[in-house]
Amino acid sequence: MAPIDSGSDSFVVLRIEMPPCPSFPETAVHEVRIRRNAPKIATANDSRSLFLKNVPADSTEQHFRAVFNQLVGAGRFEGINFEDESGAAHSFDPAQAIKINTIAKKRKRDDLEMEEQEKERQAIRLPEIWTRRVLRSSSTAVVLLADDKSVQLVLKAITKANKTKKYPTWGDDSLSGVSPLGVPWISSHLRDSLVDKAEARRSVHAFFNAFNRKEKEAAELAKRLRNEPDEDGFVTVTRGGRTAPASKFEAEEAKRRMVDKDTKKKSEMQDFYRFQLRARRKEEQAGLMKRFQQDREKVNAMREKRGRFKPEA
């Protein structure tokens, strides 16, 4: 989800009627603030998306689909992206522990590598032990609608609902596929916490295989860098020292790059400051005056020599 600018005051209040439950046996009204989505980094779907603030903690896509169906009918709601919902929190990629800079050569090879990485992530992912996600308090979300017209219809329907005080209901009969919370939720969590040992062993083995492979690639890269001087002529020294000295050609090449870099740096720094520019202009002016004085002395000398010339009779 793109970063969202929530500093705007152009919010409308969507009031949702919360039915009674065993923990609170009275009907309540929850206020969700909605406005057009205006992220700092614009996307192609901004015109048909809405930014939601203060969504309920037990929100799911089915809940909001039912709410929007009550507001503008079916077919307008496409999906919702909750805050920090990226899927990365449920899995850990060992590649993130060791950063290795690689250069892509072919698109086909990149696609194959991405497929292999995705298979690897699926293999190391542990089984889910929560049947339903609970959001933190005052969370945000972005709702994607069918088109820009749907956004206008939703905003008009919210204004109408606030005037008539006929608010959409939270958690109606259409949520048959949503896992319940409360005691059944905790019970299923405790039951799923005892995962199958064979499945857990496969995930752990796949994780360590991927981690060891990344460590091996990092070690090979560090070994290669021990014998390759950088653009300044220095050789990377890692724990354990260097295995072999750099070749003469590599050293000369690094020295040449270092000289070129110093020359380029000096040329770039010339006339960088104002006092350097003034000093250069003074030097040029002094040089012009000196050459002018020399030329004038030469002309005077030629005139004197011409005046002393006496042709023979």
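**Salt bridges up close**

A: The count comes to nine salt bridges, where a salt bridge is a side-chain nitrogen of Lys or Arg within 4 Å of a carboxyl oxygen of Asp or Glu. Keep in mind that this is a predicted model: local features need pLDDT of at least 70, side-chain atom pairs count only at pLDDT 80 or more, and totals for chains, interfaces and linings use all residues. Residues are numbered from 1 along each chain as its sequence is written, and side-chain values use heavy atoms, with hydrogens and water left out.

Let's start with arginine 36 and aspartate 148, whose side chains meet at 3.1 Å, N to O. This pair links distant parts of the chain, 112 residues apart: arginine 36 is in strand E2 (residues 28–36) and aspartate 148 in helix H3 (residues 148–164). Here helices (H or I, at least four residues) and strands (E, at least two) are DSSP runs, numbered from the N terminus. Arginine 36 is partly exposed at 37% relative accessibility, and aspartate 148 is partly exposed at 32% (buried means under 20% relative accessible area, exposed over 50%, partly exposed in between, with a 1.4 Å probe and protein chains only).

Next, arginine 136 bridges to glutamate 83 at 2.7 Å, N to O. Arginine 136 sits in the loop between helix H2 (107–124) and strand E5 (139–145), and glutamate 83 in the loop between E4 and H2, so the pair ties together parts 53 residues apart in sequence. Glutamate 83 counts as buried, at 18%.

Then there's glutamate 284 with arginine 280, at 2.6 Å, N to O. Both lie in helix H7 (residues 274–307), four residues apart, about one turn of the helix. Finally, Arg15, Glu31 and Arg33 are linked in a network of salt bridges.
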